[in-house]
Amino acid sequence: MFRSFLVMSDAYLALEDGRVVEARGRVPGRTRGELVFTTAYTGYEESLTDPSYEEQVLTFSYPLIGNYGVRAERFESDRVHPRAAVAREFTEEVVEWLADEGVPAVDHLDTRDLVTSIREEGAMKVGIAVGEDVTPEDAKEELAQCKGMSEHVDIGAQVTTTELTTFEGDGDTTVALVDCGAKGSIVDSLVDRGATVHVLPYDADAEDVTALEPDVLFISNGPGDPENYTATRELVEEFAGEVPLAGICLGQQIVASALGGTTEKMAFGHRGVNQPVRDLQSGKVVMTTQNHGYTVADPGDQLDVTQVNVNDDTAEGLASEELSVITRQYHPEAHPGPHDSLGFFDDVLAMAGTEGNEHKPRAVASD
Ligand SMILES: NC(=O)CC[C@H](N)C(=O)O
């Protein structure tokens, strides 16, 4: 009786399964979202700035987050996207960063237990209340207002560029990248290979794309349910067979859905930097970075599954030689994660059939 009086918590997480978990508050605030976890042991700056985490609460299963600082050059976008961050222990530097960004954070809870619950019960809604005077009821109120991921019907608007932005490369390929929440490393990976990348709003129409005379139409990663991206799907329908198509993560899901396939929600998704993927033609397995909660259930008649996840056989790569399409469910641009699959960007430019792109990796100093 006295114990609960003496050790008052200043943070509560109300889970959809009815539990309320106590934690230590690091950044105050009240919020809600879909509770997911990543097993990545590095790359917290990249994950926290990945727009695909919009409307989610990100739990790190790795116990210490922040041990090599916070550097803006590693950010994937200009802000933190998860609604809140959860770890066993955050360093002061990460806490300061999240406080600057106004993103609630909690630690000193058993994240092993939380991750086990998500694995057993699936990604679930969570309400969070952090601050000196908060009560479990506050967290429950947040939970009561929490929407399911698919109910965020216009989530693309929260993360997209609002105007056309161009990144010049010194080769011959022109890429129209539809920004549904694109990671900066996707643009970098294309520009590094000489492509000029025009970044378009997620609701761009056919005229906007045609005006750019692209060699490739590229659909980016992004948050939420792929079925909610109606305008982007229409673009794919319009240009399939006319312009080569590429897609990453949400991009793969939208391309499949537009070309007659179906998508579905996974129980708890794939989030981490060691997801094994097998290429069906070569038999080769590569380690990949992943962050998704939906998957392509059926690619439809026009696309072939070219790569699968070794753990659960889900579709990791799709292609159509006839329509010139290649997509990946994982993140070939890495950041964070292994660079095994960077060759995807070479394949995309090769598919475009343009010449004169020279690959200049950023790791090599230019002279
Ligand atoms: N990284 C992404 O593009 C995520 C795609 C989609 N929002 C999903 O969760 O499956």
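His108 is partly exposed, with 37% relative accessible area, where partly exposed covers the range between buried (under 20%) and exposed (over 50%), using a 1.4 Å probe and protein chains only. The residue sits in the loop between strand E8 (105–107) and H4; helices (H or I, at least four residues) and strands (E, at least two) are DSSP runs, numbered from the N terminus. The model is a predicted one, in which local features need pLDDT of at least 70 and side-chain atom pairs count only at pLDDT 80 or more, while totals for chains, interfaces and linings use all residues. Residues are numbered from 1 along each chain as its sequence is written, and side-chain values use heavy atoms, with hydrogens and water left out.

Most residues other than glycine have a negative phi, and most peptide bonds are trans. His108, though not a glycine, has a positive phi of about 55°. Ala334 is another such case, a residue other than glycine with a positive phi near 60°. Ala334 lies in the loop between E19 and H11 and is buried, at 0% relative accessible area. Pro336 is found in the loop between strand E19 (325–328) and helix H11 (343–352), and the peptide bond leading from His335 to Pro336 is cis, with omega near 5°.

Next comes a helix pair. Two packed helices are described by the angle between their axes and the distance between the axes. For helix H9 (residues 230–239) and helix H10 (residues 250–258), the angle is about 60° and the axes are 9 Å apart. Here the axes are lines fitted to C-alpha atoms, for helices over the stretch in contact, and angles run from 0 to 180 degrees between N-to-C directions. That makes H9 oblique to H10, oblique being what remains once angles under 35 degrees (roughly parallel), over 145 (roughly antiparallel) and 65 to 115 (roughly perpendicular) are set aside. The crossing of H9 past H10 is right-handed, a term for the near helix being turned clockwise from the far one by less than a right angle. On the H9 side the contact (heavy atoms within 4.5 Å) is made by Thr232, Arg233, Val236 and Glu237, and on the H10 side by Ile254, Val255, Ser257 and Ala258. These residues divide into four nonpolar, two polar and two charged; Ala, Val, Leu, Ile, Met, Phe, Trp, Tyr, Cys and Pro count as nonpolar, Asp, Glu, Lys and Arg as charged, and the others, Gly among them, as polar.

Then there is the inside of the protein. In soluble globular proteins, nonpolar side chains tend to be buried together. The largest nonpolar core has 32 residues, of which Cys180, Leu217, Ile219, Val236 and Leu259 touch the most other members. Such a core is a set of buried Ala, Val, Leu, Ile, Met, Phe, Trp, Tyr and Cys residues joined through side-chain atoms within 4.5 Å. At least two residues of this core come from each of strand E11 (174–179), strand E13 (216–219), H9, H10, strand E16 (285–298) and strand E18 (315–320). H10 gives the largest share, five residues. Apart from this core lies another, of 21 residues, including Phe218, Ile326, Val348 and Leu349.

Cys180 has contacts that include Val159, Tyr202, Ile219, Gly222, Thr232, Leu250 and Ile254, not counting residues up to four places away in sequence. Gly222 is found in the loop between E13 and H9 and is buried, with a relative accessible area of 11%. With neighbours within four places in sequence left aside, Gly222 is in contact with Ser52, Cys180, Gly181, Tyr229 and Leu250. Gly222 and Tyr202 are 20 residues apart in sequence, and their C-alpha atoms are 9.8 Å apart in space.

Tyr294, in strand E16, is buried at 5% relative accessible area. Its C-alpha is 5.5 Å from that of Glu264, a residue 30 places apart from Tyr294 in sequence. Beyond its neighbours within four places in sequence, Tyr294 is in contact with residues including Met149, Asp225, Gln253, Glu264 and Gln329. Thr174, found in strand E11, counts as buried at 18% relative accessibility. Thr111 lies in helix H4 (residues 111–121) and counts as buried at 4%. Leaving out residues up to four places away in sequence, Thr111 touches Thr59, Phe60, Ser61, Val86, Ala87 and Arg88.
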